[in-house]
Amino acid sequence: GRGSGYGRDAALHHFVRGRVLAARGDTAGAIVAYRRAYLRPRLGYVRVNLELGRLLAARGQASAAITVLRAAINPGLPESAALYATVPELRLA
C-alpha cells in the first residue's frame, strides 16, 4: 500500500487486520481496524463498508451500520471502489 498513490491502498492493511480479528472472534478489535481502513464514504473500498456495517449491526449499532452501508450503496462511487461488493450484498447486511 505504501507504494501506491491512492490513500485507500495505504489503509488496506487495516482492512486485512480487521478480517483476521473478525475471524478470531474479536469483534471490537475488528471494528477498530475497519474504521481505520474506512477513509471517507466515497473514497475507500466498499468491502470495508460491508464488513464494518455487518459488525456494527451485529453489535446492535444499527444507525451506525446504516450510515456506513448507505454510503456504499450511493451510485456516485468511483467505479474501481464499487467493484468489491455488490449492492445486494450491501442491502442484505
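A nonpolar core is taken here as a set of buried Ala, Val, Leu, Ile, Met, Phe, Trp, Tyr and Cys residues joined through side-chain atoms within 4.5 Å, where buried means under 20% relative accessible area, exposed over 50%, and partly exposed in between (1.4 Å probe, protein chains only). The structure is a predicted model, in which local features need pLDDT of at least 70 and side-chain atom pairs count only at pLDDT 80 or more, while totals for chains, interfaces and linings use all residues. Residues are numbered from 1 along each chain as its sequence is written, and side-chain values use heavy atoms, with hydrogens and water left out.

The largest nonpolar core has 16 residues, of which Tyr34, Tyr38, Val48, Leu52 and Leu56 touch the most other members. At least two residues of this core come from each of helices H2 (12-23), H3 (27-37), H4 (46-58) and H5 (62-73); helices (H or I, at least four residues) and strands (E, at least two) are DSSP runs, numbered from the N terminus. The most is given by H3, with five residues. Another core, of five residues, lies apart from it and includes Val46, Leu50, Ala72 and Leu90.

In H3, the buried residues are Gly29, Ala30, Ile31, Ala33, Tyr34 and Ala37. These buried residues pack against H2 and H4, contact meaning heavy atoms within 4.5 Å.

Two packed helices are described by the angle between their axes and the distance between the axes. For H3 and H4 the angle is about 145 degrees and the axes are 10 Å apart; axes are lines fitted to C-alpha atoms, for helices over the stretch in contact, and angles run from 0 to 180 degrees between N-to-C directions. On the H3 side, Thr27, Ala30, Ile31, Tyr34, Arg35 and Ala37 meet Val48, Glu51, Leu52, Leu55 and Leu56 of H4. By class, this contact of H3 with H4 has eight nonpolar, one polar and two charged residues, with Ala, Val, Leu, Ile, Met, Phe, Trp, Tyr, Cys and Pro counted as nonpolar, Asp, Glu, Lys and Arg as charged, and the others, Gly among them, as polar.

Tyr34 is buried, with a relative accessible area of 1%. Not counting residues up to four places away in sequence, Tyr34 touches His14, Phe15, Gly18, Arg19, Ala22, Val48, Glu51, Leu52 and Leu55. Glu51, located in helix H4, is also buried, at 9%.
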